[in-house]
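Please walk through this protein with me, from its overall make-up down to single side chains. Keep the sequence and the model side by side.

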Amino acid sequence: MLPPMAILILLGLAAFWPGGRSVQAPQAESRMDAPAAEPIMGAGYYDSADTAVVMHVDAQQGQIQLWNWTLGKSYTLGTEMASAYLDRFGEPVFLATIEPGMVVDVLFLKSHKRLHQLQISPQAWVWQSADRYELQKTAQRLELAGQEYKLGAKTRYFYGGAPLALGDLAQGDVLSVWGLGQEVYSVVVEEGKGFLRLSGTQDFVGGWLEIGDSHIYAIEQGMALTLPEGAYKVAIRKGSGGGLRDVVINRGEETLLDIGDMEVPKPELGTVIFHLEPAEGELYIDGEPAAAGEPLELEYGRHQVIAKAQGYASQTQYVHVGEPMAVLDIQLEPMDSQAAKTAAGGASSAAAASATETQSSTAAASHLITVEEPRGAQLYVDGVLVGDIPCSFPKQAGRRHLLLSRQGYSSQVYTIDVDDEDKDVNYVFAELKLLGQ
């Protein structure tokens, strides 16, 4: 029998023997969901690595489904508090930022199907918000920025977080594309596009179509538009006619909007007779040939009048029709030495006095046109949003179409003719009327 002191020495050696493991229960709180017969593995345990495509994330159930692109197989890993999530630069992120279609590098414990770490792959490339591309479904090719990439049976497609087939991709979709090398690993539809086609537009040609708060178009016969999917308020305007309609644009589908039943008040017309001297001269009203000396019916408002004749200096002026009947005389000046000098660019007080307004193709780029009122309304110039009034845009001679728009108010369209004088121009328009007034 060993003496008591020897027994104590042997017990102490056993406690520090290399490779030995204390059988004392760990002090950390035990996991209630761990199998009772298995030891609890720490956060640092993993035995497998993979580059995969995220298929589905279920944060409530603590699961993430992945697609092994090389093998063409999917598998599911459990997530837990100890799992780490990193962006492509190695910075921590939340699980909620991980979305289907992302290409990720994962470390996991295969035997327990437990995720240790997930990182958005630094080696993967991604094209986001791609709307200019060429998709060849049959050849399984995708061209982005002049570079061709391969699609294949292993490529995954997503829309709204759900799987999609290659054949379901629609022209106009805005895409995020993930891949490695020349291979496309995943395609995610960020935003679907649909189509809006108008019918019954014959009475509204030349009017305006407002879709939501950011889309405005001049109405044309048989017009069709590509729009992001969603629900819209559509306003149709021409003069005091038109109305509002609700439309829903679905991805990859065409929506027909018939506006033929909307009322357009008949325009007021005035009869104008132009007496032209010399009589053999040519007359053009708003760019269209017209007969001098004969009664012409013109809508109330402003019209461009051009008169020309061989051997005479041409005239361009603007007339405002606001009466049932009017007679206007136009007398062209012969191209004598003084008029010829004027046509070549010299100043002629007589020619300047004979024309009320003259249109030129250019104006000093340093000058501005400012719209001061109505404040708070949005200003569109030739269909392009300039900003909230008061605002300015570059002065350029010619005809401009100004649309004033404000939510809850009736829009108003103005046509202005910009001169080429070397000065700024300011406009003040009337306040917009509330809808229904």
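Helices (H or I, at least four residues) and strands (E, at least two) are DSSP runs, numbered from the N terminus. By that count, the protein chain has three helices and 35 strands. The model is predicted: local features need pLDDT of at least 70, side-chain atom pairs count only at pLDDT 80 or more, and totals for chains, interfaces and linings use all residues. Residues are numbered from 1 along each chain as its sequence is written, and side-chain values use heavy atoms, with hydrogens and water left out.

Start with the whole chain. Of its 437 residues, 35% are buried. Buried means under 20% relative accessible area, exposed means over 50%, and partly exposed lies in between (1.4 Å probe, protein chains only). Contact means heavy atoms within 4.5 Å. Among contacts between residues at least 6 apart in sequence, 54% join residues at least 24 apart.

Now go to Asp-50. This residue lies in strand E1, residues 48-58. Asp-50 is buried yet has no salt bridge. A salt bridge is a side-chain nitrogen of Lys or Arg within 4 Å of a carboxyl oxygen of Asp or Glu. Lys and Arg count as positive, Asp and Glu as negative; His and the chain ends are not counted. The nearest side chain of opposite charge is Lys-110, 9.6 Å away. What does the side chain of Asp-50 make a polar contact with? One partner is the side chain of Asn-68, at 3.2 Å. Another is the side chain of Tyr-75, at 2.5 Å. A polar contact is a pair of N or O atoms within 3.5 Å; within protein, one must be able to donate a hydrogen and the other to accept it, and residues adjacent in sequence count only if both atoms are side-chain atoms. Leaving aside neighbours within four places in sequence, Asp-50 is also in contact with Val-104, Asp-105, Val-106 and Phe-108.

Tyr-232 is another buried residue, with a relative accessible area of 14%. Its place is in strand E19. The side chain of Tyr-232 reaches the backbone oxygen of Pro-228 at 2.6 Å. Arg-245 is 13 residues away along the chain, and the two C-alpha atoms are separated by 8.4 Å. Beyond four places in sequence, the contacts of Tyr-232 include Ile-211, Gly-212, Arg-245 and Val-247.

Strand E19 also takes part in the lining of the largest pocket. That pocket holds about 1,800 Å³ of space. Its lining has 40 residues, and Lys-238, Gly-239, Glu-299, Tyr-300 and Val-413 lie nearest its centre. Strands E19, E20, E26, E33 and E34 each supply at least two lining residues. E34 gives the most, with five. On a 1 Å grid over the protein atoms alone, a pocket is an open set of points where a 1.4 Å probe fits, with protein on both sides within 12 Å along at least five of seven lines; lining residues have an atom within 4 Å of a point. Grid points are joined across faces, edges and corners, and a volume is the space filled by probe spheres set on the points.

Finish with the loops. The peptide bond from Glu-277 to Pro-278 is cis, with omega near 10 degrees. Pro-278 sits in the loop between strands E22 and E23. A cis peptide bond also joins Glu-373 and Pro-374, with omega about 0 degrees. Lys-113 is not a glycine, yet its phi is positive, near 50 degrees. Lys-113 is exposed, at 55% relative accessible area.
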